[in-house]
Amino acid sequence: MAEENPAKESRIRIAEELPVTAVDFIKQESWDSFFTSKGADDFCEWYADWPQFRTSLKSHLSFPAPAQTPENLRILVPACGASRLSEHLYDEGFRNITNLDFSKVVIEAMMKRNIKVRPEMKWRVMDMTNIQFPSGTFDVIVDKGGLDILMDSELGPRSGLRSYISEVKRLLKAGGRYICLTLAEPLVLGLLFLKFRFGWKINLYTIYDEASPGTNTQQTFMLVAEKSYLTVVSRIAPFMDVSFLESQGNQVHELLEALERENIVRTAYSEGTYKWYSLEELKQGVKGNIGEIESGRHINLFLGETGVSRFFYTCVLLDAPAETGPFSDQFRVIIFLRSHSAQKILAAELRQWLVLQCVKAARLLIIVLDSNHICIKWADIEKDVSHFISQLTPDEAGDEYEIVVSSEDDTVDGIKQRTILVEVPSVLTGLMYVEDVRYNKSQDLTFRRLCFHTTETLLHSEAQLSTEAFRQKKGKPKKIASSGELKVDHKILTNGFHKGVIAGLQLFSAHSKTTTKAGGLVKTVIIGLGTGILPMFMKNRIPSLKIEVVELDPVVLNVASEYFGFIEDERLKVHISDAIEFVRERANSEAVHAAGSKVDVLIIDVASSDSSSGLISPEADFVEESFLLTVKDSLSDKGLLIIKLVSRFSSVISVVHSKLRKVFSNLYHVYVDDGFIEIIFALKKEAPVKVDEACDALARSLEHNYGHDWAKRVLRDSKCISPLE
């Protein structure tokens, strides 16, 4: 297509005329000024020019039949700037292209230039970290330098980067592709490899490219991540000319090293991952005749098909043993809308059979949604999965089956009453809500729960409510007259993880006699505030602790204070800060008496917001080897690290254990919550602990508390802690 206003094409990598400082790269006004100074007809091409990557890019815009034709393929170009990339794609026949940039100046200029010659092209003023399109909207996202601009080589991922990658994953349809042209700096690769690990097939290509005079000579790469399903890990396939790469220096050497490390991790994951089947495999008979109910059959499967469904779904199919009849239904479908119990069910086959017994069905299909399905309406989900459900209906059931939607833990945990007190939005954490519940098994007790929509388990923690009130006086809680109003009881822990933390903390503290020189107090840091129940209990029950809590989101602090009775004082402080930066500062601190001195106990209680890591808790960043090394440096000589570790995949757990062993030689663990949660205790000192002797020391230290139920429970729970083999 001929252009109305042919223009000089300016090829820029890191030119002097770009915004000067790293901070300027994320300021809208800086880019507005930059694009205004250049004018509408002065184009900017970051990294490579169209001829260098045209063939490679077009090959990944071709989908097998009966997928979208080029004219209908929905393509998003985030941070489009003044690049001619979209124009080239349009001229190649790809007409359904949406360009977005947060600079109104450049969007108006590009729209003005293209409105006549490329009338179907769409332009939007929009922030790439908060893209206002429904989930599953696009077939392809083409990113030419947008991801790199959100990185800073000295400070690591800057604000908004993780939000952008989450948006990419949300916006793509099942089978969709994220195509990223990048310089592949180590921090960029580390984030891409991590965030696109589970359920994404990744290929990496070299863009053969000769630098123009005066431009940066760094090599450009093209990473292609194809959205698959949640339970498979694939090795990254590099398509590169090794002889060419060897001549490119340190940049490529670092990339190859990072690629080798990542593929080692991916191999470790995939070798231990359970066998999952597709519907097509089941129809081919790999697990017998799926049209007939086969007594005792158990199948892990994923439902979804590129070009047919918007998403893929993690599922379990069970055929009841014949002797457990008679059955109320031949076929029942339960869809869990992301809940704590749903994750437990996926993690243990025994729980799956128990659910089947409860529903009295001959065949049960369990579908568990996750954080990828956050904003999807139920009607859309039902429409998406109905095509596949009908193919799993046993012949004897005809066309009859029942779909049960479990929005929370009701089906498994027996919640008989629920009252949502408040829903609170947060820019950082997303929507959270506070609710009061009563369980069938708990008689008249009421529990208050905090739930996050963006985490994999939804439920963070809960606290028991009581009409008894207490006043703190000289470190001891004193009972006062009751007003009859239900309030959070900070003397009781209902959470298995919290109980395990207290047992381990007391056990290892008694063994090592952990104290600091700051008034004999044990300096304790908790990453993740949540309801604030754990730090409040620790402050009340263990007077030797000086507690600091690190929480990224001030909204969480407000909720904990208003609805869970959390109160700061001289022994309990909250820092609204990035936890990784906080720990790094402590690791670099050498002054014993300074505010930033070393930590005696560090507790990590952070739920994962990204299912692709394979982790439910913690966030993957907190178990990377580099961070664990920083943690070790932040601990005092007798320091203790406590981590909440939860995953449905044994291979993921094994990889985390391996990383921990590389950093800490003295590791212990205990399982709580029916084995769903593993608590890891990592000691900085090298000398091993004899657990039996430590339990005896703990018993002696708690002699004066034998009358308290919590002390008895600590002694009982501590005996379950064992070395991590």
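In the predicted model, the axes of helix H21 (residues 691-701) and helix H22 (residues 709-718) come within 10 Å and cross at roughly 175°. Helix H21 is therefore roughly antiparallel to helix H22, a label given to angles over 145 degrees, whereas angles under 35 degrees count as roughly parallel, 65 to 115 as roughly perpendicular and the rest as oblique. Here the axes are lines fitted to C-alpha atoms, for helices over the stretch in contact, and the angles run from 0 to 180 degrees between N-to-C directions. Helices (H or I, at least four residues) and strands (E, at least two) are DSSP runs, numbered from the N terminus. Contact, defined as heavy atoms within 4.5 Å, is made by Val691, Cys695, Leu698 and Ala699 of H21 with Val714, Leu715 and Ser718 of H22. By class, this contact has 6 nonpolar residues, 1 polar residue and no charged residues; Ala, Val, Leu, Ile, Met, Phe, Trp, Tyr, Cys and Pro count as nonpolar, Asp, Glu, Lys and Arg as charged, and the others, Gly among them, as polar.

Residues are numbered from 1 along each chain as its sequence is written, and side-chain values use heavy atoms, with hydrogens and water left out. Local features need pLDDT of at least 70 and side-chain atom pairs count only at pLDDT 80 or more, while totals for chains, interfaces and linings use all residues.

A search of the whole structure finds 10 aromatic pairs. Rings of Phe, Tyr and Trp (its six-membered ring) pair if their centres lie within 6.5 Å; planes under 30 degrees apart count as stacked, over 60 as edge-to-face and the rest as tilted. Tyrosine 205 and phenylalanine 239 form a stacked pair, with 5.0 Å centre to centre and 10° between the planes. This pair links distant parts of the chain, 34 residues apart: tyrosine 205 lies in strand E10 (residues 200-207) and phenylalanine 239 in strand E12 (residues 237-239). Tyrosine 205 is buried at 14% relative accessible area, and phenylalanine 239 is partly exposed at 44%; buried means under 20%, exposed over 50% and partly exposed in between (1.4 Å probe, protein chains only). Phenylalanine 508 and phenylalanine 681 form a tilted pair, with 5.5 Å centre to centre and 45° between the planes. That pair joins helix H15, which holds phenylalanine 508, to strand E32 (residues 677-683), which holds phenylalanine 681, across 173 residues. Phenylalanine 508 is buried at 3% relative accessible area, and phenylalanine 681 is buried at 0%.

Histidine 490 lies in the loop between strand E25 (487-488) and helix H15 (496-512). Histidine 490 counts as buried because its relative accessibility is 13%. A polar atom of its side chain lies 2.8 Å from the backbone oxygen of phenylalanine 564. Leaving aside neighbours within four places in sequence, histidine 490 is in contact with Ile533, Met536, Phe537, Asn540, Phe564, Gly565 and Phe566.

Backbone geometry was also examined. A cis peptide bond, with omega about 0°, joins glycine 325 and proline 326; proline 326 lies in the loop between strand E15 (313-319) and strand E16 (329-336). The peptide bond from serine 617 to proline 618 is also cis, with omega near 0°. Alanine 184, which is not a glycine, has a positive phi near 60° and is buried at 4% relative accessible area.

Terms used
A polar contact is a pair of N or O atoms within 3.5 Å; within protein, one must be able to donate a hydrogen and the other to accept it, and residues adjacent in sequence count only if both atoms are side-chain atoms.
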